[in-house]
Amino acid sequence: MSTKPVALTIAGSDSGGGAGIQADLKAMEANGVFGASALAAVTAQNTEEVSRAHDLPPSLVATQIDAVVGDMDVKAAKTGMLSAPPIIETVADRVATHDLRPFVVDPVMISKTGFKLLQDEAIDTLVNDLLPLATLVTPNVHEAEHLTDVEIDTPDDLRAAGAALLEYGPDAVLVKGGHLSGADDAVDVLVDGETGRRFQAPRIDTEHTHGTGCTYASAIAAHLAKGHDLGAAVDRAKRYVTGAIRHALPLGHGRGPTNHF
Ligand code: PLP
């Protein structure tokens, strides 16, 4: 009987289906792995706004992780929206206890519609408890600037921010330059201590980018679950997310979602 590697996402739900757990599972399946999930929060959300967010009890987040890991051979895990210190501490504890690796941390902070998905008082917990466990952290420009003192205007700044984030203890950092203005290409920089490798793809001129970060991190986790090394996983995921943006769906009245195919 044929089977698939299993990847686990620990993140928030997006009722609109474009970001969060829903994007993660679609991206994982589209990239050839079976996606399992532990919900950390529920959001009432569509392409225009996040109207409400509710955290699940940390113990319930832990029990979901334990249930999946106790049964299936999880080959990679990733986190998305983890909004509050107790949830981040709990996830860090379960990831360490189960030795969940490779482990991709998407340091989700704010939605494109402007809703705070990470509480201000949780930033220190994210940095101190979760980042040291990460195989890869995937901040966008906004998140990287928030987590470091680096002001980012150029691809060289992406590398500097990645190097600063490495100090917190992850194995590698992928700083995503999609939000940099002016350039024809969307450039991301992978920093792992020795090298700063660039991943480049044509910038796609669209408003429909909801769920892009979730999709990218989940596609990376999927390729890691399949056994690719980090560089190959990022390369494949970058190509996937570029196609998912190019074919984004103009659903709803706001920013349409990336399209998983
Ligand atoms: N909602 C949830 C639950 C998320 O996890 C995320 C992103 O990680 C978002 C919304 C943000 O999506 P976007 O900024 O792409 O609209």
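Mentor: Strands β7 and β8 pair in the antiparallel sense, over four bridges. This is a predicted model. Leu-174 has Leu-190 of β8 as its bridge partner. On β9 (residues 196–202), Arg-197 stands opposite Leu-190. β8 and β9 run antiparallel as well, joined by seven bridges. They form a hairpin with four residues between them. In the turn, Gly-193 has a positive phi of about 110°.

β8 spans residues 185–191 and holds Leu-190. The strand is mostly covered, with five of its seven residues buried. Is Leu-190 buried or exposed? Leu-190 is buried, because 23 C-beta neighbours lie inside 10 Å, and the cut-off for burial is 20 or more. Leaving out residues up to four places away in sequence, Leu-190 touches Ala-172, Leu-174, Arg-197, Phe-199, Gly-231 and Val-234. Leu-174 is the bridge partner already named, and Arg-197 is the residue opposite in β9. Thr-138 is 52 residues from Leu-190 in sequence, yet the C-alpha atoms are 9.1 Å apart.

Helix α7 covers residues 212–225 and helix α8 covers residues 230–246. They pack at an angle of about 140°, and their axes are 8 Å apart. The crossing of α7 and α8 is right-handed. From α7, the contact draws on Thr-212, Thr-215, Tyr-216, Ala-219, Ile-220, His-223 and Leu-224. From α8 come Ala-232, Ala-233, Val-234, Arg-236, Ala-237, Tyr-240, Val-241, Ala-244 and Ile-245. By class, this contact has 12 nonpolar residues, three polar and one charged.

α1 is mostly covered, with nine of its 11 residues buried. Those buried are Gly-20, Ile-21, Gln-22, Ala-23, Asp-24, Leu-25, Lys-26, Ala-27 and Met-28. After α1 comes Gly-32, with a positive phi near 90°.

β1 (residues 6–14) is mostly covered: nine of its nine residues are buried. β1 pairs in the parallel sense with β2 (residues 34–45), over nine bridges. Within this pair, Val-42 of β2 stands opposite Ser-13. Between the two strands the chain passes through α1 (residues 20–30). This β-α-β crossover is right-handed. β1 also runs parallel to β4 (residues 74–79), joined by five bridges. There, Ala-76 of β4 stands opposite Ala-7.

The segment before β1 contains Ser-2. Ser-2 counts as exposed because it has 3 C-beta neighbours inside 10 Å; the cut-off for exposure is 12 or fewer. Ser-2 and Ala-219 are 217 residues apart in sequence, and their C-alpha atoms are 21 Å apart.

Two loops remain. Pro-170 sits in the loop between α6 (155–166) and β7 (173–176), which brings us back to the strand that pairs with β8. Pro-170 counts as buried because it has 23 C-beta neighbours inside 10 Å. Residues up to four places away aside, Pro-170 touches Leu-131, Pro-132, Ala-134, Leu-136, Val-137 and Leu-165. Thr-195 lies 25 residues from Pro-170 along the chain, and the two C-alpha atoms are separated by 15 Å.

The other loop lies between α3 (85–97) and β5 (103–105), and Pro-102 is in it. A cis peptide bond joins Arg-101 and Pro-102, with omega about -10°. Asp-99 lies in this loop too. Its phi is positive, near 50°, in a residue other than glycine. Asp-99 is exposed because 9 other C-beta atoms lie within 10 Å.

How values were computed
Residues are numbered from 1 along each chain as its sequence is written. This is a predicted model: local features need pLDDT of at least 70, side-chain atom pairs count only at pLDDT 80 or more; totals for chains, interfaces and linings use all residues. Axes are lines fitted to C-alpha atoms, for helices over the stretch in contact, and angles run from 0 to 180 degrees between N-to-C directions. A crossing is left-handed if the near helix is turned anticlockwise from the far one by less than a right angle, and right-handed if clockwise. Two residues are in contact if their C-beta atoms, placed from the backbone, lie within 7 Å. Ala, Val, Leu, Ile, Met, Phe, Trp, Tyr, Cys and Pro count as nonpolar, Asp, Glu, Lys and Arg as charged, and the others, Gly among them, as polar. Two strands pair if DSSP finds at least two bridges between them. A crossover is right-handed if, with the strands pointing away from the viewer, the path from the first strand over the helix to the second runs clockwise.
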